[in-house]
Amino acid sequence: MAPIQLIHDATIVTADDAGSILYDAAIAVSDGRITALGPTSELLARYPDAERVYGRGRAVFPGFANTHTHLSRVLARGIYEDLSPPHAPPFTGGLAPLPLPALTADEERAMALLGALEAIRSGTTLVLEESAGLDGYAGALVDTGLRLVLCERAWDRANASIGQPGPFQVDPALADIGLTRIAEFHSRWEGKGDGRVRAGLAAWAPDMCSPGLLSRLRKLQSELDAIATVHLNQIWGEVAAVKEQRGVLPTEYLAQAGLLSKRLVAAHCRCMTDEEERILGASGAAVAVNPAIAARRGLAARIDELERAGCLVTLGTDNMAEDMVEVVRTALFMERVRRQDGRRPTPEEALVWATRNGYRALGVPDGGWLAPGNRADLILVDLRKPHLTPALRVVSCFVHQGMASDVEAVMVDGRWIMRDGRVLTMDETAIVADADRIARAAWRKLFERRPELARPPGLDIGTR
Ligand SMILES: [Zn+2]
């Protein structure tokens, strides 16, 4: 049997059904699972030989599940946040007027590692990564120690991007390539990293996938027994494009194609009608609300309506940032502003969206909350900070005032991947330096090659 680790003298936020919080408590972990939770004195007596982790002044929280991201898009940090597409016609397509600079496979891996580093530092333990060509950096992600759902992307609309009206020019070769990539990726990566890795699949977006492709993806999802994901009702240009191409709204289109299910994670769901919310909710699908990027785009999902309709609400970062502490708070703030309600949602509800619901949506119902038998995916938050003192209501305090830098340690599957403020699975200094050099050079090259592109104000990409 593996040695037992015992975190003791801590405050333990379980995120269980009752929202239990244990004080002066201990949590025992072995073989990747939580073996016991209880008073410190009791557990110290029960496990005298355990490896001890002193938790005074710290709170143990379940780790965060980020249910929608593209890790290497940190490349566009500080640029795309301010270049969102318009919410009214004319729509020209794409999520930003500037193209993303091209990267080599090595460079993309370096950027993805920067994203993963930021994710771990903000207390993330489970990530759904969506992209095309994940094989190029899946191995590097597995080595970070994160729990992963890796969703390889398919689409079959040629010469267009999300939110672009006009005819749907279908390219059957694109569909075949995407489906093949998904199947190959699955056979290579499913269950890797001692079972920490699940391979899923992604339909890029309703205006990028034909009905034929969607039905093939649904069939492949059943065959692989995999999680599916899709960008849905993300921007108004997408809604306009689907209306023009299919005569229905995006959620109606996916419903007709049979894609809606409990094993679908629909990302965004913010440019949608009541009827679409009802249709999505009736399917029991999970929604990855991405409140930080939504706020930056001037949009908001209607979390309360989605939840009432039957959707499982979860949280993600999407683009340009991987900070789940920021995401939880932004979800709470935006939803309170939208509802014009200073009491609801509660911080406890927001925490469950970010932890337990996310785990459930990604096929790990025994993770994202702390109970004996559950997976040992947890974080230690240092409460001995001016902005967290006094932590009289620890969940409220962390959701309202917490920062990623308060996360002191991160455990996934019973293994510390961050401890005492240091990420153990990555060379942090090298990753930050590499990513900085790569990103500046990539943007510099783009503007040198395309001098007609407008440079965002304040851009510093260096001169060589
Ligand atoms: Zn996305």
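Guide: In this predicted model, the largest nonpolar core holds 150 residues. Five of them touch the most other members: Val-60, Val-230, Ala-266, Val-287 and Val-328. Helix H2, residues 105-121, gives the largest share of this core, nine residues. At least three residues come from each of domain 1 (5-62 + 370-423) and domain 2 (64-361).

Now the helix. H4 runs over residues 172-189, 18 residues in total. At 1.5 Å a residue, H4 should span 26 Å, and its end C-alpha atoms are 26 Å apart, so the two agree. Which residues of H4 are buried? They are Ala-175, Gly-178, Ile-182, Phe-185, His-186 and Trp-189. These residues cover an arc of only 105 degrees around the axis, so they sit on the same side of H4. The other side of H4 has exposed residues: Pro-172, Ala-173, Thr-180 and Ser-187.

What covers the buried residues of H4? The cover includes two helices, H3 (138-143) and H5 (211-224). It also includes two strands, S8 (147-154) and S9 (197-203). After H4 comes Gly-191, with a positive phi near 80 degrees.

Notes:
Residues numbered from 1 in each chain as written. Predicted model: local features only at pLDDT ≥ 70, side-chain atom pairs only at ≥ 80, totals over all residues. Core = buried A, V, L, I, M, F, W, Y, C linked by C-beta atoms within 7 Å. Buried ≥ 20, exposed ≤ 12 C-beta atoms within 10 Å, placed from the backbone. Helix = DSSP H or I, 4+ residues; strand = E, 2+ residues; numbered from the N terminus. Domains from an automatic or database assignment. Expected span 1.5 Å × (residues − 1). Arc of directions from axis to C-beta. Contact = placed C-beta atoms within 7 Å.
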